[in-house]
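Please open the structure and keep the sequence beside it. The notes are meant to be read with both in view.

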Amino acid sequence: MKAYTTKEKIQHLLISNAVPIIFILMSAIAIPLSGFSPTYLVQEMLIRLARNSFLVLSLIIPILAGMGLNFGMVLGAMAGQVGLILVSDWAVVGIRGLLLAAMIATPIAIALGYVCGAVLNRAKGREMVTSYILGFFVNGLYQLAVLYAFGKVIPISNSELVLSRGFGIRNAINLAGMRHALDYLVPLKIGNLNVPVGTYLTIGLFCLFIVWFRRTKLGQDMRAIGQDMHVAGAAGIPVEKTRIIAIIISTVLACYGQIIFLQNIGTLNTYNSHDQAGMFAIAALLIGGATVSKATIPNVFLGVILFHMMFVVSPMAGKQLMGQAQIGEYFRVFISYGIIAISLALHAWKRQKDRERARRSLRGEA
Amino acid sequence: METTPLLRMEHIGKEYFGNRVLADVSFTLEKGQILGLVGENGAGKSTLMNILFGMPVIGQTGGFEGKVLLDGKEVVFADPLDALDAGIGYVHQEFSLIPGFSATENILLNRESTKYNFLVEVFGDRLETLDRPHMRERAEKAITTLGVDLDPEMIVTEMPVGHRQFTEIAREIDRENMKLLVLDEPTAVLAESEAQVLLQGMKKLAAQGISMIFISHRLQEIMDVCDKILVLRDGRVIQEAKTHETSVRQIAGWMVGRKMEEAAEARPADRIFGEPLLKVEHLWVDMPGETVRDVSFDVRQGEIFGIGGLAGQGKLGIGNGIMGLFPAGGKVFLGEAPIYLNDPRFSLSAGMAFVSEDRRGVGLLLEEPIEWNIVFTAMQTQDAYIRSLLGGLVKWRDDKAIAAASKEYIDALEIKCTSGRQRAVELSGGNQQKVCLAKAFAVKPKLLFVAEPTRGIDVGAKRLVLDTLRRTNREFGTTIVMTSSELEELRSICDRIAIVDEGRISGILPPTAPVEEFGLLMLGTTGNGNGENEADRMVYHNE
């Protein structure tokens, strides 16, 4: 094996971390421009880390199993919302409400995850686009359920939830009873900063779970399948079943992630909340330096901080710079979605290069 | 004193769709013995091993005749995992390793040592955690048994090729009840020194009572490690012999020797050729499965030049590389003009044409009519069969000229079809091949590459295709480079035949040379210059 020079090593480091580096530079420019105080930014980041991390972490296991970014996580988000709507109607509040919502949502998420996994087994190698479109399809079913079945088939007694026509759920649901129920389960205040300790503990447990899971036989099997499905299959590992398990785990965790997300925000946008959950989580993960085939826990936290930092500061930076907040907002959206596209293209390009490098020894000089 | 042999295969026969590939093959293998299985491609080696392993393809195509006895008991494996359970391991020609895993993880793939935890009660055994220290111990044990130097923590992608092969074999050794190991061309990718280590390892395993079936086309290796050899040809056992009672030369003769009727055909002894038309210097081609390492040769004007050799040695890569279909390097001249490689259009415009071995993939536009297929290349590269309007601003397909030209070829080559408008996909293999030839002829090439022209077509069509090639050569003086796996075919039509082995030309012979000579070249066991070759290979692998 050829040794690499220092210059090559640095180049490699810069290229492989290009995305987070770009975002760190952009933040470095935008933060002073925005004029926000450090305390404000730290408070915002503390809240947003709690809000989003669980959702982003739920993406890791399918990547481990070689199934790419699970755009199908919106299925889990929808399941979580169904749980929250029912619990709101029954007026169970606080942490008990959240737990009950999770209990209701889990079987729905498992069922949806199974369906999603089974479909993806028929679309090997095209998991991302398939799960993306599957998200739209299940969104249709979800809308049918909340627009029609709730109030018609499933009784909803709380008139604040139901549209005036007598069935169907209103556009916005106030989760005041559950707001911050997990965040401030263990109250802690450092100076002026509120720290959502309860959620951090949950996220910490989740990270431990991922670390532990990688070391189980199932985790090892997923890594094997992720790298070479055929070899793993020939060694007797049940490929399809394992892939379904990976998607079920991801869907169920995304469902919990969405519940945590919404208890932090405090209102549920019945018809929109889940829509953006997937796209934002995936953008955050990629911005943190993950790729379609490799994602680590540090990627998640770095990504959430950078993504939300841009979220917070770019409208203000735009206003200071151009006199219009919309310009900053426009750039943030433009760049966030651009990053997803670039990451996917970079990944394909890198795979091509790797293949060429693997065959290099078979080629002559010249 | 009669002991039960470990493996006995009795009167094995197999037909694929009425095509007999194995007939009455019987042999036995004792405990701790190494059997060398040799034969040309298509001799039936793979089919025989597929039967032993119960590969699904055998069952799906109507099963097989005869019996397989392991330890004296008849066994029928429904799939390869059953065979593994019974103690038969298979080391594949292609690596089946997980690239990002360490040697240990690969050796113990899906047989990892695990530790219990309480979650297992709820979610099942797969939530046991891995016992890494114990896994490492087991991997080290397997590596020591094999007697090679392999770091158990090294990641596969960082390993030299040889170590990957050792990892594969160590994986089979770790199985507790391993009795019989089939090694399919395990040394093909190894450097000489690595191959030696592997052969030593095989002897060690045999001494511990593990039997082996060793498939290799490097006959010297077979001679070095095997107790006995079994030579297959055309699906039959030609010879079973003790290794020490035979020689490389004799085995080569058994492998390729067959009645040479076609080769004896009348051939004008003194054909006269012009200046060298094609000059190839140090060509390399990165064609997956047919890598060309370093090839130099000349073809003279008016000659039919044959390229032979076993499958996977690189003979197909030469034509594909010169025509620009795969990444290639080196120097190629047509006449005096250099050919820029990696640009199919340039190669075509320079006056070369190619009949691909991949008839249905590269050769034909399957869904289009025969007419279009025949004129397609000429139309694209030479603007033939095109009418220009407005001074070339608009180009029009000249359907009348196309119909007339293709009718000519259809008649001349006796392509059996309803009309020129019939779609290519509806034709039989032989007629498709004729369309491919017509397509190449329509370019009116100075030099024609033909790869595997008779593969998968019936006997009558074969003769017609070969006759057409010969006639084109005689009547129009077209120089032809023909690549084929069938030695007799090459001997029946070519003026000179180059044999390719491991990506290099191991020798060029006249078609009248004795068949053993060809066999020896194919097996890379020529006496002269072999040492030098090996040295080359070593340098190459150390890169």
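The points below go through the chains, their contact, and then some helices and loops.

1. Please read each value below as computed from a prediction.

2. **Chain A overall.** Chain A holds 14 helices and four strands. The C-alpha trace of chain A spans about 80 × 55 × 35 Å along its principal axes. Of the 366 residues in chain A, 44% are buried. Take the contacts in chain A between residues at least 6 apart in sequence: 72% of them join residues at least 24 apart.

3. **Chain B overall.** Chain B has 20 helices and 24 strands. The radius of gyration of chain B is 27 Å, close to the 24 Å that the globule rule gives for 543 residues, so this chain too is as compact as a globular protein of that length. Along the principal axes, the C-alpha trace of chain B spans about 85 × 60 × 50 Å. Buried residues account for 43% of the 543 in chain B. Among contacts in chain B between residues at least 6 apart in sequence, 66% link residues at least 24 apart.

4. **Domains of chain B.** How is chain B divided by the domain assignment? Domain 1 takes in 32-43 + 77-226 + 236-256. Domain 2 is made of 261-351 + 445-543. Domain 3 covers 360-444. The centres of domain 1 of chain B and domain 3 of chain B, taken over C-alpha atoms, are 50 Å apart.

5. **Where the chains touch.** In the contact between the chains, 26 residues of chain B meet 22 residues of chain A. Three elements of chain B give two or more residues to the side that touches chain A: β8 (129-130), β14 (292-300) and β16 (328-334). That side of chain B has 10 nonpolar, eight polar and eight charged residues.

6. **Helix α6 of chain A.** Find α6 (94-121) of chain A. α6(A) has 28 residues and reaches 39 Å from its first C-alpha to its last, close to the expected 40 Å. Where does α6(A) bend? The bend is at Ala105(A), by about 30°. A proline, Pro107(A), follows within four residues. Ala105(A) is also one of the buried residues of α6(A). Others include Gly97(A), Leu98(A), Ala101(A), Leu112(A) and Cys116(A). An α-helix has 3.6 residues a turn, so residues three or four places apart point the same way. Which helices do the buried residues of α6(A) pack against? They pack against α5, α7 (127-152) and α11 (239-265) of chain A.

7. **Helix α13 of chain A.** α13 (residues 297-322) of chain A has 26 residues. From first C-alpha to last, α13(A) reaches 37 Å, close to the 38 Å expected at 1.5 Å a residue. α13(A) bends by about 40° at Val313(A). Again a proline follows within four residues, here Pro315(A). After α13(A) comes Gly323(A), with a positive phi near 80°.

8. **Helix α11 of chain B.** Is this helix buried or exposed? Eight of the eight residues of α11(B) (residues 315-322) are buried, so this helix is largely enclosed by the rest of the structure. Lys315(B) and Asn320(B) are among them. Gly324(B) follows α11(B), and its phi is positive, near 85°.

9. Most residues other than glycine have a negative phi. Ala91(A) is not a glycine, yet its phi is positive, about 60°. Ala91(A) lies in the loop between α5 (73-90) and α6 (94-121) of chain A. Glu502(B) is not a glycine either, and has a positive phi of about 50°. Glu502(B) sits in the loop between β23 (496-501) and β24 (504-509) of chain B. Glu502(B) is buried, because 21 other C-beta atoms lie within 10 Å. The cut-off for buried is 20 or more.

10. **A loop residue in chain A.** Asn192(A) is in the loop between β2 (189-190) and β3 (193-194) of chain A. Asn192(A) counts as exposed, because it has 9 C-beta neighbours inside 10 Å. Asn192(A) and Tyr40(A) are 152 residues apart in sequence. In space, they are 9.7 Å apart, C-alpha to C-alpha.

Definitions and conventions: Residues are numbered from 1 along each chain as its sequence is written. Chains are lettered from A and ligands numbered from 1 in the order in which they are written. This is a predicted model: local features need pLDDT of at least 70, side-chain atom pairs count only at pLDDT 80 or more; totals for chains, interfaces and linings use all residues. A residue is buried if 20 or more other C-beta atoms lie within 10 Å of its own, exposed if 12 or fewer, and partly exposed in between; C-beta atoms are placed from the backbone. Two residues are in contact if their C-beta atoms, placed from the backbone, lie within 7 Å. Domain bounds come from an automatic or database domain assignment. Ala, Val, Leu, Ile, Met, Phe, Trp, Tyr, Cys and Pro count as nonpolar, Asp, Glu, Lys and Arg as charged, and the others, Gly among them, as polar. The expected span of a helix is 1.5 Å times one less than its number of residues. The bend at a residue is the angle between axes fitted to the seven residues ending there and the seven starting there. The radius of gyration is taken over C-alpha atoms; the globule rule is 2.2 Å times the number of residues to the power 0.38.
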